[in-house]
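Morning, everyone. Let me put the model on the screen, and then we can walk through it.

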Amino acid sequence: MELSKKNAKIWSRMGPRATYGLAMLDLIEKNDKVYALSADLGASSGLTRLMTESKDHYINVGIAEQNLIGVAAGLAKEGLIPFASSFAPFISHRCEDQVRMNLGYMHLNVKIVALGSGISMSILGNSHYGLMDVAVMNAIPGVVILSPSDCAQLVLCIEAAANYTGPVYIRMTGEPSMPRVYEEEFPFEIGRANQLREGDDILIIATGSMVYSALKAADILSEKNIEANVVDMHTLKPIDKSVLSNKYKMLVTVEEHSIIGGLASIINSEIVKMGYKGKVINIALPDDFLIAGTYKYMLEKYGLTADAIAERILDVGI
Amino acid sequence: MNMSVEAKNVRKRILDMAYYSGVSTHLGGALSIVDILTVLYRDVLNYDFSNPTWEKRDRFILSKGHCVMSLFAIFVENGLISEDEIQSYMKDGSLFSSHPIMNLAHGIECSSGSLGQGISLALGIAKAAKLKKEDFKVYTLVGNGECNEGSVWEAFMLAGQWKLDNFTIIIDNNGLQSDGDSANIIDLSNLTTKLSGFGFEIIEVDGHNEDELRKAYNVDFNGKSKIIIANTIKGKGISFMENNNEWHHNRLIKEKYDCALSEL
């Protein structure tokens, strides 16, 4: 999987799920210990090609997420590297106890791939939204949580997860034809946030699909003479505290997740510990079940567009 | 039926552990699985007690983790856990606690205690053996009460589908569970009938008859996974504990301890 401007464009057009499928094909070619597991959502996971071309490395356990995690844990226990994918709420909430016991307590080397998290399942609604998955996963000791901001970074996440020994939860947000944050070579290290824009007035920490919107919001703010430092917090656990500083007059978190238990909660608890003195704005989904709608409509309705982010910041003012 | 010396010694060891812990333990279930485990570890598993991390060993996954006292007792009897080490059983900070904590050096393959998860894990291990073309076999033990958990049936369905001929599920069918008689809660007295359509080789045995158990373990897989339904008596071997659910989780006081020991 060569990282190039051309590929970044192609992957972005394909969207996160198809990119995941492509990354897995590549991974399995390089490492025969890697297996793709699914609870009957192989095609929805972008694995259609893999299911025929690498069918010996595809395992469908049926519509049974608890068993999916247990079986994946058994494979991991014997030295294989299972990637288990399903829609975010099913592979976090439905099987939470299996994750707690196998990935947490026994620290088994299972990679969970949470598809369509946040509100990217659009019109399918609350049953399929990943509104609280980070809250649940973050509470389980020892599970790394990755939240890629675009498809190119997703490819690096998949590779990094395979090379890392230990449980990983990969949270996908965004949809086909999602915007690109990264065009060419860029660094990716688990637990080390990427600074994408320099600015001394405010610090915007964004994750997943919201990184691109945060960058666009920073451009709007710049026109109003507010310079934002924008950080892509692609790893939610362990969190990179080194980006936090008292030099900023304002700190903003932006995420496609409930206001409870996600990036906002994680960062807020850190800034309390460091005694941050500036203003704080948490931009997130409400602590509520939502109505259903297209992705674009939902992002607008819940204030997760670049314009809405900039407006919130300007309303509070530095 | 005559209880073997080994099974008797394991039961004595369980009574010692329960009594000296000074706290409530899961005596009933631990006693009901003694013969199942005694035969498994003595006559069936390809297992070296002096080398518990040996890669080619057969694997045993205890799904009904609350009965781990029985497993500890077998490991002490075979030198895998020392007499000194087991003194810490149920003491603050001990590795040997009410529910198993994964510890391969002491023979404990996995952490468990949250019911309904061991079959899935064991099935994954058995699948891995096939994928890696390794010859070891995988055994897991679940309780009849544990079979109330939906995840157990998820695993039954997949194991029936996969038909791995290196995989054996043993069901400790003692007819009781935490709140009492299973027949009044979720009646699984006809487990063989219930499971007959799942695609397993099913053998139903007296779970305290070592000959029957040995034969069941040795029955050919016939190209399928195997389920051994072991009909047992909770509290087996101690008259006042047998089929008495007060001993599901209870403290063994001196008088009862002496009385129980005198029966073995």
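First, a term: two residues are in contact if their C-beta atoms, placed from the backbone, lie within 7 Å. On that count, 24 residues of domain 1 of chain A are in contact with 25 residues of domain 2 of chain A.

Some ground rules. This is a predicted model: local features need pLDDT of at least 70, side-chain atom pairs count only at pLDDT 80 or more, and totals for chains, interfaces and linings use all residues. Residues are numbered from 1 along each chain as its sequence is written, with chains lettered from A and ligands numbered from 1 in the order in which they are written.

Back to the domains. Domain 1 of chain A covers 5-171 and domain 2 covers 194-316; the bounds come from an automatic or database domain assignment. Their centres, taken over C-alpha atoms, are 25 Å apart. On the domain 1 side, helix 7 (133-138) and strand 5 (144-146) of chain A are the elements giving two or more residues. Helices (H or I, at least four residues) and strands (E, at least two) are DSSP runs, numbered from the N terminus. By class, that side has 13 nonpolar, nine polar and two charged residues. Nonpolar means Ala, Val, Leu, Ile, Met, Phe, Trp, Tyr, Cys and Pro; charged means Asp, Glu, Lys and Arg; the others, Gly among them, are polar.

Next, the sheet. Five strands of chain A form an open, mixed sheet in the order 7-9-8-11-12. Strand 7 (194-197) and strand 12 (279-285) of chain A each have a single partner strand, so one side of each has no neighbour in the sheet. Pairing here needs at least two bridges found by DSSP. Strand 7 and strand 9 (residues 228-232) of chain A pair antiparallel over three bridges. In strand 9 of chain A, Val231(A) is the bridge partner of Gln195(A).

Helix 10 (residues 263-274) of chain A lies across strand 8 (202-206), strand 11 (250-258) and strand 12 of chain A, at about 150° to strand 11. Axes are lines fitted to C-alpha atoms, for helices over the stretch in contact, and angles run from 0 to 180 degrees between N-to-C directions.

Now the chain interface. 20 residues of chain A are in contact with 21 residues of chain B. Helix 4 (65-77) and helix 6 (96-105) of chain A each give two or more residues to the chain A side. The largest share, nine residues, comes from helix 4 of chain A.
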